[in-house]
Amino acid sequence: MTLHNRINRKVLKEQLQASTRERITLSFYRYIHLADPQEYRDSLYLDFDQLEVLGRVYVAKEGINGQINVPTDRFEEFKSYIDGSDVLGGIRLNIAVEERAKSFFQLKIKVRNKIVADGLNDETFDVTKRGKHLSAKEFNALASDPDTIIVDMRNHYESEVGHFQNAICPDVDTFREALPIVEKMLENDKDKNIVMYCTGGIRCEKASAYYKHKGFKNVFQLDGGIIEYAHQVEKEDLENYYRGKNFVFDERLGERISQEVISVCHQCGKPADTHTNCANDGCHLLFIQCEACAEKMEGCCSSECVEVLL
């Protein structure tokens, strides 16, 4: 019985890129107690593989976190499976803004200590006492309140290409780093409205409970994150307070939420918001690169990496 992919990733990528079959990209998460994460992981892999699901899923005792894509012609079957699942039934499926892009090329399901690395001791506070969830309309209303502080709970390379107006964007590489830094930044504002957001909401679930435990009075989180916000703004014809791109952790590396380009190419300084993984396999630095520099530098971050490719 095969419980992991055995085909070379490069081959899989070439096969999927050549395919004309549409796929829907989505993410989901749930904090729920899993008595045996490994057993659940193996069962889920068999079910997802049968449904032709591709993507990356983390399973832990505290729950599940996934970013995947599903063939469009099997999406209703996939939703029926989710609805009938004891663990996943009723879960929010965050459909990507650019939903039909080819985002993943293989299925990986891994057992982890946590579904998001946060560095917190969950036994010291109640993770279920989270902040109040906000719709896009409610978020916009609170964002206009002078007693509101908006906090981006993502990493610096995510917020660099896109963020909400007037948001605090910590200069951090990981969520684990962000938690104590944000707490310190806001230590004199515990009575203000603290509104947090992230890509799909999972980081704010834990962060909002943690900050309430730390004495912050009015803690809110954007329900469904930037992804759901973008859908509600379009559906309800709301003013879009987000500027730029939403960074995503798959082959796309970003989806456009507004037309503004708020960042610059790391090589020439011209407006650009396309992330690139350096083409040198020994480097793979993630950086922003415009089309002209991508052509000139052959997708590399430096002349030294270009020389490696020659």
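This is a predicted model: local features need pLDDT of at least 70, side-chain atom pairs count only at pLDDT 80 or more; totals for chains, interfaces and linings use all residues.
Strand 1 (residues 23-31) pairs with two other strands. It is joined to strand 3 (residues 63-71) by nine bridges, and the two strands run antiparallel. Within this pairing, Tyr29 has Asn65 of strand 3 as its bridge partner. Strand 1 is also joined to strand 4 (residues 94-95), again in the antiparallel sense, by two bridges.

An open sheet is formed by three strands in the order 8-11-12, with antiparallel pairing. Strand 8 (162-164) and strand 12 (255-256) are the edge strands, each of which pairs on one side only. Two bridges link strand 11 (residues 242-246) to strand 12 in the antiparallel sense, and Lys245 has Arg256 in strand 12 as its bridge partner. Helix 8 (residues 225-236) packs on this sheet and touches strand 8, strand 11 and strand 12. The direction of helix 8 makes about 120 degrees with that of strand 11. In general, the strands of a sheet pair through backbone hydrogen bonds, in either a parallel or an antiparallel arrangement.

The buried residues of helix 4 include Ala136, Phe139, Asn140 and Leu142. These residues lie on the same side of helix 4 because they cover an arc of only 165 degrees around its axis. On the other side of the helix, Lys137 and Ala141 are exposed. The cover over the buried residues of helix 4 includes strand 6, strand 7, strand 8, strand 9, strand 10 (218-222) and helix 8.

The packing of two helices is described by the angle between their axes and the distance between the axes. For helix 4 and helix 8, the axes come within 9 Å and cross at roughly 95 degrees. Helix 4 is therefore roughly perpendicular to helix 8. At this meeting point, Ala136, Lys137, Phe139 and Asn140 of helix 4 meet Tyr229, Gln232, Val233 and Glu236 of helix 8. Asn140, which is located in helix 4, has a relative accessibility of 8% and therefore counts as buried. With residues up to four places away in sequence not counted, Asn140 touches Tyr229, Leu238, Glu239 and Tyr241.

Neighbours within four places in sequence being left aside, Tyr211 is in contact with Met153, Ala178, Leu179, Val182, Glu183, Met196 and Phe216.

Val127 is found in the loop between strand 5 (107-111) and strand 6 (132-134). The C-alpha atoms of Val127 and Tyr210 are separated by 7.1 Å, although these residues are 83 residues apart along the chain. Apart from neighbours within four places in sequence, Val127 contacts Asp122, Glu205, Lys206 and Ala209. The relative accessibility of Val127 is 30%, so this residue counts as partly exposed.

Glu52 lies in the loop between helix 2 (37-50) and strand 2 (54-60). This residue is not a glycine, yet it has a positive phi of about 65 degrees. Its relative accessible area is 30%, and Glu52 is therefore partly exposed. His284 is placed in the loop between strand 13 (275-277) and strand 14 (286-288). The phi of His284 is near 55 degrees, which is a positive value in a residue other than glycine. At 40% relative accessibility, His284 also counts as partly exposed.

Technical notes: Residues are numbered from 1 along each chain as its sequence is written. Side-chain values use heavy atoms; hydrogens and water are left out. Two strands pair if DSSP finds at least two bridges between them. Helices (H or I, at least four residues) and strands (E, at least two) are DSSP runs, numbered from the N terminus. Contact means heavy atoms within 4.5 Å. Axes are lines fitted to C-alpha atoms, for helices over the stretch in contact, and angles run from 0 to 180 degrees between N-to-C directions. Buried means under 20% relative accessible area, exposed over 50%, partly exposed in between (1.4 Å probe, protein chains only). The arc is that of the directions from the helix axis to the C-beta atoms. Angles under 35 degrees count as roughly parallel, over 145 as roughly antiparallel, 65 to 115 as roughly perpendicular and the rest as oblique.
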